[in-house]
Amino acid sequence: MTQAKICGLTTPETLDAALAHGAAFVGAVVFPRSPRHIQPLHGATLFERARGRAGIVAVTVDADDALLTEIALILKPDFIQLHGNETPERGQKVRALTGAGIIRALPVSTAADLEAAADWQDVADHLMFDARPPQGSALPGGVGHAFDWTLLAGRSWPRPWFLAGGLNPDNVAQAISLTGAPLVDVSSGVESAPGVKDDGRIAAFMAAVNRS
Ligand SMILES: O=C(O)c1ccccc1N[C@@H]1O[C@H](COP(=O)(O)O)[C@@H](O)[C@H]1O
């Protein structure tokens, strides 16, 4: 059965909705340019209710050691999601520095982009295939952009993997059926406006995943 991560949660109500509907992972985005940005201290208070009920993921973009240390000590995530230009060597260092598991987001627009997965097989606990954002995008993720899911059809990967990018309650069942994704990740597709999560859309997304 496919499991889901609901990302970019910023309120107790929407975090509770994600947990109540069975999200296996919940994400806090620590990236000031994002409309979903949360300070580690605020995130620690908010996400404590999820501890032991879902994997807590801190989404970071080329974060420096000082920020990663703050996240590790204060938010205490189960996983750090690397969503920037981090190398596998940097991934090893982030694991050692934070003690958290590693989710590596890989931007995809063509079949060649999938080859980067091999570089991460000894470093990442989970891979995440996310759409490469359109040129000029202010964010490397969370923009509701999808890639050609058929690129993943029939492929297998050395690590459990997430499908991300442009998923929503109306298309997630088709995305799972085409790709066989064991894990899916969503942010803007369960919002009513950028950064504003919607309980009803979270419920509908989870229902579609749970039916798949
Ligand atoms: O959500 C963000 O604001 C964000 C910022 C910086 C890096 C990653 C971000 N989000 C990640 O992107 C995926 C896909 O987003 P969407 O569903 O297409 O909106 C999201 O789930 C996060 O993991």
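A: The model is predicted; local features are given only where pLDDT is at least 70, side-chain atom pairs count only at pLDDT 80 or more, and totals for chains, interfaces and linings use all residues. Residues are numbered from 1 along each chain as its sequence is written.

Helices (H or I, at least four residues) and strands (E, at least two) are DSSP runs, numbered from the N terminus. A residue is called buried if 20 or more other C-beta atoms lie within 10 Å of its own, exposed if 12 or fewer, and partly exposed in between, with C-beta atoms placed from the backbone.

Helix α1 spans residues 12-20, and its buried residues are Thr14, Leu15, Ala17 and Ala18. These buried residues fall within an arc of 155 degrees seen down the axis of α1, so they line one face of the helix; the arc is that of the directions from the helix axis to the C-beta atoms. On the face turned away from this buried side, α1 carries the exposed residues Pro12 and Glu13. The cover over the buried residues of α1 includes β1 (3-6), β2, α2, β10 (196-197) and α6 (199-211), where contact means that the C-beta atoms of two residues, placed from the backbone, lie within 7 Å. After α1 comes Gly22, with a positive phi near 95 degrees.

In helix α2 (residues 40-47), the buried residues are Pro40, Gly43 and Phe47. They cover an arc of only 55 degrees around the axis, and therefore sit on the same side of α2. An α-helix has 3.6 residues a turn, so residues three or four places apart point the same way. Among the elements covering the buried residues of α2 are β2, β3 (55-60) and α3 (65-75).

Helix α5 (residues 172-179) has Val172, Ala175, Ile176 and Thr179 as its buried residues. Their arc around the axis is only 95 degrees, which places them on the same side of α5. They pack against β7 (161-164), β8 and α6. Gly180 follows α5 and has a positive phi, near 70 degrees.

The largest nonpolar core has 64 residues, of which Ile6, Val26, Ala28, Met128, Phe129 and Val184 touch the most other members. Such a core is a set of buried Ala, Val, Leu, Ile, Met, Phe, Trp, Tyr and Cys residues joined through C-beta atoms within 7 Å. Beyond its neighbours within four places in sequence, Met128 is in contact with Ile103, Arg104, Ala105, Leu106, Trp161, Phe162, Ala164 and Asp185.

Around the ligand there are 26 residues, the closest being Cys7, Ser34, Gly141, Gly142 and Ser188; a residue counts here if its C-beta atom, placed from the backbone, lies within 6 Å of the molecule. Strands β2 (25-29) and β8 (183-186) each supply at least two residues of this shell.

Two loop residues deserve mention. Asp62 lies in the loop between β3 and α3 and has a positive phi near 50 degrees, although it is not glycine. With 13 C-beta neighbours inside 10 Å, Asp62 counts as partly exposed. Lys76, in the loop between α3 and β4 (79-82), likewise has a positive phi, of about 50 degrees. Lys76 is partly exposed, with 18 other C-beta atoms within 10 Å.
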